[in-house]
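Good morning, and thank you for coming. I shall present one protein model today, and I ask you to keep the structure in view as I speak.

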Amino acid sequence: MSWINAATKLFGLVGHNISYTLSPAIHNYIFQEAGYNAVYLAFDLSEERFLKTINSIIDLCEGFNVTIPYKEKVVEFLNGVDRNAERVGAVNTVHRGYGYNTDYTAIKSLVNERMGSLENMICFIYGAGGAAKASAVALGDLGCRLFIVNRTAEKAEHLARKLDSLGYEAYVANQCSANVDVVVNATPNPSFVHDICLSAKLVVELVYAPVETVLVRKARSRGVEAIDGIRVLVRQALEAQKIWSGIEFPEDKVIGYLYARKLIW
Ligand SMILES: NC(=O)c1ccc[n+]([C@@H]2O[C@H](COP(=O)([O-])OP(=O)(O)OC[C@H]3O[C@@H](n4cnc5c(N)ncnc54)[C@H](OP(=O)(O)O)[C@@H]3O)[C@@H](O)[C@H]2O)c1
């Protein structure tokens, strides 16, 4: 920490029960490697402390990330959000009080690099929480029809209605159909995704511990391309860095660093 001085900029992660987070390791590594005078901390806040401190955090931090359970709640404290964060209804990155959603930009760019446009394609999203919504809006913007599969049917219906109101073609389903093109696991349970989904061209996994989940392993063993959760996590962090500092850092170097420190396996 020898670089910390009076000019050091403050960044951090706002969430609750976030002992698992890799974000401080990722961002402090990038700041150090890029020679950018900043430090990134984890702010683990109960709801009471969140309400007491969020305005000060916005004021003091050059930028910060937001995770569960505050991605939606933080919006009312900000001085605005960009169009993507507005449509997703959640913010995971704040810069000088303004909100963005880099889960959205990460998923959209990773899928676009592999598939191009998803016009006339069918995408299944497993899950109906925050990550499912960011994934659905991202893939919907690439042009596909969306099918939502969720443990709790009412939440799937609620998400499909919301997507419909945003102008996407969205339905609820019980499981993948055989003509699926892209499938996303946006639940914490990779086994929840039915094997029939493995007829897809691309699997996107959001769980990153272990990096090769059962879903990723099954997909790759059948020759189906899979984007693993750590690639999504690191891409959203790099998208946040672009907004905060303008730094463009190599993705594979960050992933290599996390393996070397045995923070991922
Ligand atoms: N790699 C990344 O960068 C990244 C980014 C964001 C999120 N994630 C990961 O994505 C996952 C979802 O995050 P989130 O923010 O969307 O959470 P969330 O808002 O709490 O939503 C969780 C979703 O998962 C479903 N679910 C929970 N436990 C389940 C189980 N055992 N079996 C089947 N479905 C289950 C829930 O279904 P119900 O509606 O039935 O409760 C809900 O749809 C988490 O594992 C998170 O760590 C990763």
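Let me begin with a definition. In sorting residues by class, Ala, Val, Leu, Ile, Met, Phe, Trp, Tyr, Cys and Pro count as nonpolar, Asp, Glu, Lys and Arg count as charged, and the others, Gly among them, count as polar. Please also bear in mind that this is a predicted model.

With those classes in hand, we may turn to the ligand. How do the residues of the shell around the ligand divide by class? The shell has 12 nonpolar residues, nine polar residues and three charged residues. The residues around the ligand number 24, and those that come nearest are G129, A131, R151, T152 and T187.

Let us now step back to the whole chain. The protein contains nine helices and 12 strands. Along the principal axes, its C-alpha atoms fill a box of roughly 60 × 40 × 30 Å. A compact globule of 265 residues would have a radius of gyration near 18 Å, and the protein has 18 Å, which agrees. Buried residues account for 45% of the 265 residues. If we consider contacts between residues at least 6 apart in sequence, 56% of them join residues at least 24 apart.

Next, the domains. The domain assignment gives domain 1, which covers 9–100 + 232–260, and domain 2, which covers 105–227. Their centres, taken over C-alpha atoms, are separated by 24 Å. Where the two domains touch, domain 1 contributes 11 residues and domain 2 contributes 13 residues. On the side of domain 1 that touches domain 2, α3 (83–88) and α8 supply at least two residues each. The most comes from α8, with five residues. By class, this side of domain 1 consists of four nonpolar, three polar and four charged residues.

One question remains. Why does the ligand lie between domain 1 and domain 2? Both domains give residues to the shell around the ligand, and therefore the ligand lies between them.

Thank you for your attention.

Notes: Residues numbered from 1 in each chain as written. Predicted model: local features only at pLDDT ≥ 70, side-chain atom pairs only at ≥ 80, totals over all residues. Near = placed C-beta within 6 Å. Domains from an automatic or database assignment. Helix = DSSP H or I, 4+ residues; strand = E, 2+ residues; numbered from the N terminus. Rg over C-alpha atoms; globule rule 2.2 N^0.38 Å. Buried ≥ 20, exposed ≤ 12 C-beta atoms within 10 Å, placed from the backbone. Contact = placed C-beta atoms within 7 Å.
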